[in-house]
Amino acid sequence: MRSEIFLATIVLALSLSDTRGAFGQASTSDPSDASSGAYIKITQANFKKSVLALPPFLNTGLTGNSALATRYGKDLYDVLRNDLDVSGYFEFMKSDAYLEDPMKTGLRPAGQADNGFRFEPLKKSGAEFLIRAGYRLQDQTLTIDLYLYSVSFSKQILARTYRGSAAELRVLSHTLANDIIKELTGTRGMFLSKIAASRTTQPDQKEIVVMDWDGANSKLVSSHRSIAVSPAWSFDGKMLAYSAFAYRPKDKKRNLDLFTLDLQTNRRFHVSYRTGINSGASYFPDGKNLVLTISTNGNPDLYKMSIDGRSLTPLTKGPRSAMNVEPNVSPDGKKIAFSSDRGGRPHIFIMNSDGTGAKAITVAGEYNSAPRWSPDGKRIVFAGSDRNPANPRKTHFDIFTVNADGTDMVRLTSAKKPNGEFADNEDPSYSPDGRHILFVSNRSGKNQLYIVTADGETEKRITFDNYKYFKPMWSPAFE
Amino acid sequence: MTSLLDHDFRSALKWSVGAHAVLGLLLIFKGLFFPSEPLRIEDAIRVDLIALPDKNRSLPTPELSDATPNVAPVLPEAVSTPPPAPKQIATKDKPSPKTKKVDLAAKKKQTQAQSLKRLKALERLEAQARKEAAARALAQLKAQQLKGNQLSTGNALSGLTRLDQNEYLNSVEARIKQNWQPPKFLARSRLKLRVLVRISNTGTILSKNVLESSGNGVFDQSALLAIESADPLPPPPESLHLILENEGLEIELDPSANDNA
């Protein structure tokens, strides 16, 4: 009996000792612990263009203002100004807003050089940045001194000298622009990049052409006297792959064969001439293989092919009679985006570079084609067919971007032709810095080349001629 | 018999004391070597006493918003009649009649103005006294009437105070956000910084310091400029006065927080 009582008390003791507070410490929670002071987080800002004072280049040469030198100064200025304008970061200060004539002062601030300029008048005019450039011409060599200043902080940000032949004037100026953008944003601009496209040479002939991103220095690189289309740059920018209709005397008909061109040596290689389609090539980053559409086995399907054309690995197979076309290899080489109508209508798909795991990333739209990866591998740009809401029987193509997982689709274009109808905007590709997208549009009446900022805000026409352009591709970065 | 009971009693007592001692030792042992989690005494989230109002026979019908009970104001000793008019000099003997008349008229005006002033002052005093008395009565009423449609204001962490605080911080955030214009060339640079701002009771910014720079002077400067442009801010609610004036408000600026790209 006593032992039971004893046991009972022990049990009671143990159970009670678990109640909180028994010899434990009671503490009051400090009210300030929960919020630890006042705090707010601001996650939005109104980003605005910076006001840039960009006076004309100053001739600092000893030979004086010869007509040629003056002309060079103007060309240098025009190229630089166009580049900086297209970047979308700047708003240019008007030439009549200068309170101190920049042509009468030196390139450096007062206090650091004789006849230096003053920051105060620029601040008063509202400038935030100032670019002063001087050039001199000696024989055929151009030397350029570039200074970039922050007017707000009254200090120099960049000072650099450039030298090149007068024939490379545009390259020099583009390099200035790239350096300025790199200094301010941390990533280089795309101003030294190029565009490859197919354009008409005769009403029934198309050849491949390569030009500067701003449309200058346009040169034909193929001469099949036939129809050459779909140029593709290798990742190092040294090779171009394209397709052209080549005549087969034996069959007395033409076949769409694949060619590659070494841009440095100008040598052309006849790489794939399997019967049927050999087109829409896209290089892998290692430059040893490419993926393309081949229809020799019945359906247009995607194949991985060595660049000499010998080894062939099928990546897609239908299903059934579906077409799989327009492949584009991702920047890391691990995925391929392509267009396929296996679901009925052509939609954008992504698969692994070995052909497995194909998944649709667009489900909306009637005809989605020409997918291209962004340089950071996060987004895909493509052309999608859309119905005119006012007149559903009419459709037109617009450029869209979407995340690689299919989310956040954004339309970038919606222009109208002179006849009031919606224009077709097709065949998009990203600039090497991902800030712009190149595409073809018939909004002027004829297929011409245009670029648009990646957020869709500003469009700009690149070509102003009477040719018709098709399937342009923006080159990789050239430095 | 007693010895038997005694014996039983004593052994029972021994057992009892022993058991109590063991219990005590166990608890002490437990408390020393296995302390349980400390008690957290937190402020209650919100406690409102809500009950239907009592019927009050003695108090007047409550008009809690605009109470002006019939309380006789305590007026200072005041003369309510204007002072007697100054002695009028007989118009018969006037060495210079015109000037004298003007003088008199001016004087009359003066004294009348003075008396008007005094009247006005009286009125003001009256009104003030009435107000004070009313406020006092109202306070009395309120103190007595805890029941009825009245919610307690809650404590520091809860209730209306908390709502006020959040509303104020939201307004500060909106003010600074709309003034913030960083340069477009930094839009994709994923920069962020933290600033500490001290705010006075009236909303003026007393100081701003960068706690953690973005690494980019232009970006930092644009944020500081935005805060300057938002100065003066609206006056903060009383519950935030101390903390905003002393510890300050920490502001984190991160415009790429919502980017998915």
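## Pairing and the open sheet of chain A

Two strands pair if DSSP finds at least two bridges between them. In this predicted model, four strands of chain A, taken in the order E20-E21-E22-E23, form an open sheet with antiparallel pairing. Its edge strands are E20 (324-329) and E23, each of which pairs on one side only.

The contact between strand E22 (residues 347-352) of chain A and E23(A) consists of 2 bridges in the antiparallel sense. A:Phe349 has A:Ala360 in E23(A) as its bridge partner.

Strand E10 (residues 205-212) of chain A is mostly covered, with 8 of its 8 residues buried. Strand E9 (residues 194-202) of chain A runs antiparallel to E10(A) and is joined to it by 8 bridges.

## Strands E16 and E17 of chain A

Strand E16 (residues 278-283) of chain A has 6 of its 6 residues buried, so the strand is largely enclosed by the rest of the structure. Its pairing with strand E17 (residues 289-294) of chain A is antiparallel and has 4 bridges. One of the paired positions is A:Ser282, whose bridge partner in E17(A) is A:Val291.

E16(A) and E17(A) form a hairpin with 5 residues between the strands, in which A:Gly287 takes a positive phi near 70°.

## Nonpolar cores

The largest nonpolar core has 75 residues, of which A:Phe57, A:Leu84, B:Leu249 and B:Ile251 touch the most other members. Not counting residues up to four places away in sequence, A:Leu84 touches A:Leu52, A:Leu54, A:Tyr89, A:Phe90, A:Phe92, A:Ile131, A:Ala177, A:Ile180 and A:Ile181. Another core, of 14 residues, lies apart from the largest one; among its members are A:Ala53, A:Met93, A:Tyr98 and A:Val151.

## Aromatic pairs and charges over rings

Over all chains, the structure holds 17 aromatic pairs. One of these is edge-to-face, because the rings of A:Tyr367 and A:Phe397 have their centres 5.8 Å apart and their planes at 85°, and planes over 60 degrees apart count as edge-to-face. The pair links distant parts of the chain, 30 residues apart: A:Tyr367 lies in the loop between strand E23 (359-360) and strand E24 (368-373) of chain A, and A:Phe397 in strand E26 (residues 391-403) of chain A. The two residues fall into separate accessibility classes. A:Tyr367 counts as partly exposed because its relative accessibility is 42%, whereas A:Phe397 is buried because its relative accessible area is 16%. The cut-off for buried is under 20% relative accessible area.

Ring pairs also link A:Phe117, A:Phe119, A:Tyr147 and A:Tyr149 into a cluster. Charged side chains sit over rings as well. The charged end of A:Arg199 is 3.6 Å from the centre of the A:Tyr467 ring and sits over it. For A:Lys304, the charged end sits over the ring of A:Phe284, 4.5 Å from the ring centre.

## Chain B

The secondary structure of chain B comprises 5 helices and 4 strands. Read from the N terminus, its elements follow the order α-β-α-α-β-β-α-α-β. Chain B has 261 residues, of which 23% count as buried. Among its contacts between residues at least 6 apart in sequence, 79% join residues at least 24 apart.

## Confidence

For chain B the average pLDDT is 74, and 64% of the residues score at least 70. The pLDDT is below 50 over residues 57-97 of chain B, a stretch that has 19 contacts in the model beyond near neighbours in sequence. For the complex, the predictor gives an ipTM of 0.79 and a pTM of 0.71.

How values were computed: Residues are numbered from 1 along each chain as its sequence is written. Chains are lettered from A and ligands numbered from 1 in the order in which they are written. This is a predicted model: local features need pLDDT of at least 70, side-chain atom pairs count only at pLDDT 80 or more; totals for chains, interfaces and linings use all residues. Side-chain values use heavy atoms; hydrogens and water are left out. A nonpolar core is a set of buried Ala, Val, Leu, Ile, Met, Phe, Trp, Tyr and Cys residues joined through side-chain atoms within 4.5 Å. Buried means under 20% relative accessible area, exposed over 50%, partly exposed in between (1.4 Å probe, protein chains only). Contact means heavy atoms within 4.5 Å. pLDDT is the predictor's confidence in each residue, from 0 to 100. Rings of Phe, Tyr and Trp (its six-membered ring) pair if their centres lie within 6.5 Å; planes under 30 degrees apart count as stacked, over 60 as edge-to-face and the rest as tilted. A charge sits over a ring if NZ of Lys or CZ of Arg is within 6 Å of the ring centre and within 35 degrees of the ring normal.
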